[in-house]
Number of protein chains: 2
Amino acid sequence: MSATLTDAHQHDLAFAEEDRHGLYKTLFNRRDVRSQFKPDPVPDEVLARVLYAAHHAPSVGFMQPWNFTLVNDDAVKRQVYGLYQQANEAAANEFEDERQQQYRQLKLAGILDAPLNICITCDRERAGPIVLGRQQMPEMDLFSSVCAVQNLWLAARAEGLGVGWVSIMDPNELKQVLGIPAAIVPIAYLCVGYVDHFLATPELANKGWRQRLPLGDLVYTNQWGAGAEADLLQTLEQQAEFPYQF
Amino acid sequence: MSATLTDAHQHDLAFAEEDRHGLYKTLFNRRDVRSQFKPDPVPDEVLARVLYAAHHAPSVGFMQPWNFTLVNDDAVKRQVYGLYQQANEAAANEFEDERQQQYRQLKLAGILDAPLNICITCDRERAGPIVLGRQQMPEMDLFSSVCAVQNLWLAARAEGLGVGWVSIMDPNELKQVLGIPAAIVPIAYLCVGYVDHFLATPELANKGWRQRLPLGDLVYTNQWGAGAEADLLQTLEQQAEFPYQF
């Protein structure tokens, strides 16, 4: 069924070069920030734009299952930081020898440095028990909330706000600290704030933990494992120095 | 630990208005497209940009667990379409009365119309058994792959390409059709192609299935369920007609 005559259309199909530039500049310059936070508060009008960006993520059955719990109370942040410290110590011990030493030298969260933390959660019951598009893939509502995280992250980068996603904590303990009901799922705990600088390349690559993989190796054709077609592979290799790097 | 002196920095902190405009224009005009696909092929240089956008998503422990299986073979598409038809019939029957009639009038996938389909998968073993940041939240690698979906979707919109995420199929049957190994998780099956037009508002809202929620209701402060602060709430309400709508 095509769109009805009463559906309003967008004016632009492919965007002009300057609009694509703004998007790609953001996509390629977004970083996971742990260390460069400044204490300056985030103005409400900037925070509102970033939250609207998140709220315009795609969601299964237009479910919009997300909530945004803004954490700016130092006592709450300190409790969350305690969860992180405990989990990070346990996590470090799972690595061996040099890798453990390397792990222990990484700063992996800016919970106390960032003026604002945001916990994005997923309410799996928001649209009732049967959700369009979720019947065969029940995890689709969680995935929708992740799309909201990514939209928020991109808007934040363009606004000059660093964002770090802290996954090193027990989600059930986080639920206790933030009073999150049993049926609600924490998706992301984010540290948000203005920064001294953004790194040019991902911090885990800078610090020798792990490097970016060649994209051509990750593309298949019609069957999983069947490599990319030769022409596309060549184009990918030519664009490995992508024009939108800054 | 702060960044070392040898780490290169980005030049721009907050982006200029024109760059933010390009990002927000994309974020607010992205749609889930099911009906408006044209048969024109996607040029390799455009596809490469869209894939690079996906490949620059955040990933837990810089794991980059994604693969992109490009499906352009009609026989493979027809098999996938068969899975969709079967699942969609079962899905429709779960709704009752008027809601079922309404469901059956929606076109929910453009598998055969779109010249290109892309299956994004997650390789949970890509970085070995212990992954930095995944120890307390084992689903973080799945979530990273979802961020790649969202980056791809945004880049596609700016390039004039419609994307529709088809979640109405049995993922295990999809694995059979695409030869996906047991250990690999399908995250998203996407229909991709140029379009006649993009709708101004989400199709499920247009068609009366479900409406956008007021953002102010979804924002809490320090504890889940504790509403947004009054000033922020007022700003959110003032920006409900967001300046970056097109």
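Biologist: Is Trp224(B) buried, exposed or partly exposed?

Modeller: A residue counts as buried if 20 or more other C-beta atoms lie within 10 Å of its own, as exposed if 12 or fewer do, and as partly exposed in between, with C-beta atoms placed from the backbone. Trp224(B) has 18 other C-beta atoms within 10 Å, so it is partly exposed. This is a predicted model, in which local features need pLDDT of at least 70, side-chain atom pairs count only at pLDDT 80 or more, and totals for chains, interfaces and linings use all residues. Residues are numbered from 1 along each chain as its sequence is written, and chains are lettered from A and ligands numbered from 1 in the order in which they are written.

Biologist: Which residues does Trp224(B) touch?

Modeller: Two residues are in contact if their C-beta atoms, placed from the backbone, lie within 7 Å. Not counting residues up to four places away in sequence, Trp224(B) touches Asn67(A), Thr69(A), Thr121(A), Leu178(A), Gly179(A), Ile180(A), Pro181(A) and Ile184(A). Trp224(B) itself belongs to strand β6 of chain B.

Biologist: In what order do the strands of the open sheet stand?

Modeller: Strands of a sheet pair through backbone hydrogen bonds, either parallel or antiparallel. Helices (H or I, at least four residues) and strands (E, at least two) are DSSP runs, numbered from the N terminus, and two strands pair if DSSP finds at least two bridges between them. Here six strands form an open sheet with mixed pairing, in the order β3(A)-β4(A)-β2(A)-β1(A)-β5(B)-β6(B). At its edges are β3 (161–165) of chain A and β6 (223–227) of chain B, each pairing on one side only. In chain B, β5 (residues 219–221) runs antiparallel to β6(B), and two bridges join them. Within that pair, Tyr220(B) is opposite Gly227(B).

Biologist: Which strands does helix α5 of chain A lie across?

Modeller: For such angles, axes are lines fitted to C-alpha atoms, for helices over the stretch in contact, and the angles run from 0 to 180 degrees between N-to-C directions. Helix α5 (residues 140–158) of chain A lies across β1 (66–71), β2 (116–123), β3 and β4 (184–194) of chain A, and runs at about 5° to β4(A). Helix α6 (residues 171–178) of chain A also packs on the sheet, where it touches β1, β2 and β4 of chain A together with β6 of chain B, and its direction makes about 75° with that of β4(A).

Biologist: What rotation superposes chain B on chain A?

Modeller: Copies are superposed by least squares on the C-alpha atoms of residues with pLDDT of at least 70 in both. The rotation is 180°, with 0.0 Å of shift along its axis and an RMSD of 0.0 Å. That is the relation of a two-fold axis. Of the interface residues of chain B, 99% are also interface residues in chain A, so the copies meet through the same surface.

Biologist: How many residues of chain B are in contact with chain A?

Modeller: The contact involves 115 residues of chain B and 114 residues of chain A. On the chain B side, helix α1 (residues 17–29) gives the most, with 11 residues.

Biologist: Finally, what does Phe68(B) touch?

Modeller: Not counting residues up to four places away in sequence, the residues touched by Phe68(B) include Leu218(A), Val219(A) and Tyr220(A). In the strand pairing, Val219(A) stands opposite Phe68(B) in β1(B).
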